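Subject: Structure for you to look at

Hello,

Here is the structure I promised you. Please open it and keep it in view while you read.

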Amino acid sequence: MNVRNCRKCGKVFNYVSGPRLCPRCKEAQEEDFQRVKAYVRENSGATINEVAEACEVEVPMIHQWLREERLQLTEGSSITLQCETCGAAILSGRYCDKCKRDLANDFKGAFVSKKDEPAPMLKKNKDGDKMRFLNK
């Protein structure tokens with residue numbers, strides 16, 4: 001059993017995975033997200049500070065949802081996010097499309113089978129594969 005303290009309220013809970021929040025705080029955070037999402041739909045030109053104030057949510061939480069791609073900025077928004085690799089302007093997430101492709105190609109290259117390389121040769125013992133005992 002993995003028991004942790006909630007980062008928000010401090011209560012002890014059985015931790016499984018994800019953010020270190022108790023079920024009650026996770027539910028409250030999801031309600032905040034739904035409120036922000038509805039506000040953004042109704043007021044598409046609002047700034048992050050306006051959304052945070054109207055929905056009573058902290059600005060870093062809104063940034064986190066943008067980085068997680070749960071929220072997306074509109075074209076021409078006064079709010080900007082930068083790609084963590086090249087610094088290009090993006091609407092949500094952590095990387096621009098070009099950097100995402102490059103990362104995916106790098107990962108694919110790491111897992112390519114090495115059929116062209118010969119298998120390593122095993123050394124043959126002078127005794128062959130016989131069982132031996134150590135003299136002690």
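First, the ground rules. This is a predicted model, so local features need pLDDT of at least 70 and side-chain atom pairs count only at pLDDT 80 or more, while totals for chains, interfaces and linings use all residues. Residues are numbered from 1 along each chain as its sequence is written, and side-chain values use heavy atoms, with hydrogens and water left out.

**Fold**

The protein has four helices and four strands. Both are DSSP runs, numbered from the N terminus: helices are H or I with at least four residues, strands are E with at least two. Along the sequence the order is β-β-α-α-α-β-β-α.

The protein has 136 residues, and 22% of them count as buried. Buried means under 20% relative accessible area, with a 1.4 Å probe and protein chains only. The accessible surface (Shrake-Rupley method, 1.4 Å probe) is about 11,300 Å². Carbon and sulfur atoms account for 51% of that surface.

**Cavity**

A cavity is a set of points on a 1 Å grid, over the protein atoms alone, where a 1.4 Å probe fits but cannot get out. Its volume is the space filled by probe spheres set on the points, which are joined across faces, edges and corners. One cavity of 30 Å³ or more turns up. The largest cavity holds about 170 Å³.

Its lining has 15 residues; Val-40, Ala-46, Gln-72, Leu-73 and Ile-79 lie nearest the centre. Lining residues have an atom within 4 Å of a point. By class, ten are nonpolar, five polar and none charged. Here Ala, Val, Leu, Ile, Met, Phe, Trp, Tyr, Cys and Pro are nonpolar, Asp, Glu, Lys and Arg are charged, and the others, Gly among them, are polar.

**Pocket**

A pocket is an open set of points with protein on both sides within 12 Å along at least five of seven lines. The largest pocket has a volume of about 160 Å³. Lys-8, Leu-21, Gln-29, Asp-32, Glu-56, Val-57, Glu-58 and Met-61 line it. Four of these are charged, three nonpolar and one polar.

Cys-83 is in none, and the nearest cysteine sulfur, that of Cys-99, is 3.7 Å away. Cys-83 counts as buried because its relative accessibility is 4%. Cys-55 is buried too, at 3%.

Best wishes

Methods. Buried < 20%, exposed > 50% of the residue type's maximum accessible area, 1.4 Å probe, protein only. Disulfide = S-S within 2.5 Å.
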